[in-house]
Amino acid sequence: MVKLYTPVELPSGKGDLVLSDRIMILGSCFADRIGCKLRDAGFDVCLNPFGTLYNPASVAAALERLESGEQFSRKDCIEMGAGAGLVCSFSHHTSFARADEEQFLANANRALEEASAFWKSCNRLIVTYGTAFVWTRDGKVVANCLKRLPAEFDHKMMDVGQCRAHMERVAEIAGGRKLMLTVSPIRHLAQGAHSNTLSKATLQLASDCLVREGKAEYFPSYEIILDELRDYRFYADDLVHPSDKAVEVIWERFLDCCTAPSEREVIRQNEKAARRMAHRPVH
């Protein structure tokens with residue numbers, strides 16, 4: 001039979017992810033997609049309680065906040081740019097922005113309190129890294145620039161050692177929880193294709209250090225898109241994000257690799273029920 005693609009060999013997973021697990025998921029918008037899949041499948045999930053995060057420094061900072069439970073205060077409040085008239089913080093995605101400081105803090109701290117309690121009781125952590133590039137303001141990495149002027153920030157790519165240090169911090173905070181790392185297949189092309197390649201390679205090299213040390217597992221979502229789905233029909237209209245079909249392929253591979261075979265029929269039934277609930281009633 002003629003080969004039409006290069007198959008990606010999946011890690012020899014133990015298939016030990018079960019529906020009774022409590023899973024914290026942090027990272028890029030690809031983490032949001034897979035996190036929603038896990039939720040629909042019936043898993044107990046806390047998904048990006050600070051909104052979408054992209055770089056290793058911001059993920060580590062978010063996890064430190066979940067561990068400490070330290071609430072956000074007025075000193076964290078930042079007025080968004082571009083005339084948005086909204087308030088957010090440099091620790092959050094803009095989806096957390098609200099009309100004023102009181103509303104923002106109430107929402108952010110409520111989400112933090114719930115997520116911190118979940119973190120204390122969960123047994124798994126899945127992290128998807130999107131880029132090794134960071135924006136810094138006054139020497140501190142921000143999770144989001146909040147549409148403020150680029151001149152307020154410095155932009156650089158962290159090296160392997162810096163990324164590894166932040167990932168090591170994540171593993172340290174995770175403690176005895178099972179940690180899975182993955183690199184988002186979504187391309188960051190603002191600095192060009194070559195910079196995106198260097199950034200993804202940096203993340204892969206850093207995460208591989210933790211895998212070799214036995215501190216984490218790695219799931220090859222990036223590699224599946226790059227090698228098995230090497231065709232623009234598997235991308236959305238922007239030619240950057242994976243299409244729904246591509247996400248579905250990766251989800252199927254994830255189920256085969258990571259979940260317990262005895263629970264897959266229940267997972268399928270949960271997914272069917274979620275799809276039925278998502279349908280809008282005719283009348």
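## The second largest pocket

In this predicted model, the second largest pocket holds about 410 Å³ of space. It has 16 lining residues, and those closest to its centre are Tyr54, Thr131, Trp135, His155 and His188.

Strand S6, residues 133-137, gives the largest share of that lining, with three residues. Sorted by class, the lining of this second largest pocket comes out as nine nonpolar, six polar and one charged.

## The largest pocket

Now for the largest pocket, with a volume of about 580 Å³. Its lining takes in 26 residues, and Ala61, Phe90, Ser91, Lys140 and Val141 are the ones nearest the centre.

Which elements each supply at least two residues of this lining? They are helix H2 (56-68), strand S7 (140-142) and helix H4 (160-174). H2 gives the most, with eight residues. By class, the lining of the largest pocket splits into twelve nonpolar, five polar and nine charged residues.

Strands of a sheet pair through backbone hydrogen bonds, and they can do so parallel or antiparallel. Here, S6 and S7 run antiparallel and are joined by three bridges. Arg137 stands opposite Lys140 in S7, and Lys140 is also one of the residues nearest the centre of the largest pocket.

Note on methods: Residues are numbered from 1 along each chain as its sequence is written. This is a predicted model: local features need pLDDT of at least 70, side-chain atom pairs count only at pLDDT 80 or more; totals for chains, interfaces and linings use all residues. Side-chain values use heavy atoms; hydrogens and water are left out. On a 1 Å grid over the protein atoms alone, a cavity is a set of points where a 1.4 Å probe fits but cannot get out, and a pocket is an open set with protein on both sides within 12 Å along at least five of seven lines; lining residues have an atom within 4 Å of a point. Grid points are joined across faces, edges and corners, and a volume is the space filled by probe spheres set on the points. Helices (H or I, at least four residues) and strands (E, at least two) are DSSP runs, numbered from the N terminus. Ala, Val, Leu, Ile, Met, Phe, Trp, Tyr, Cys and Pro count as nonpolar, Asp, Glu, Lys and Arg as charged, and the others, Gly among them, as polar. Two strands pair if DSSP finds at least two bridges between them.
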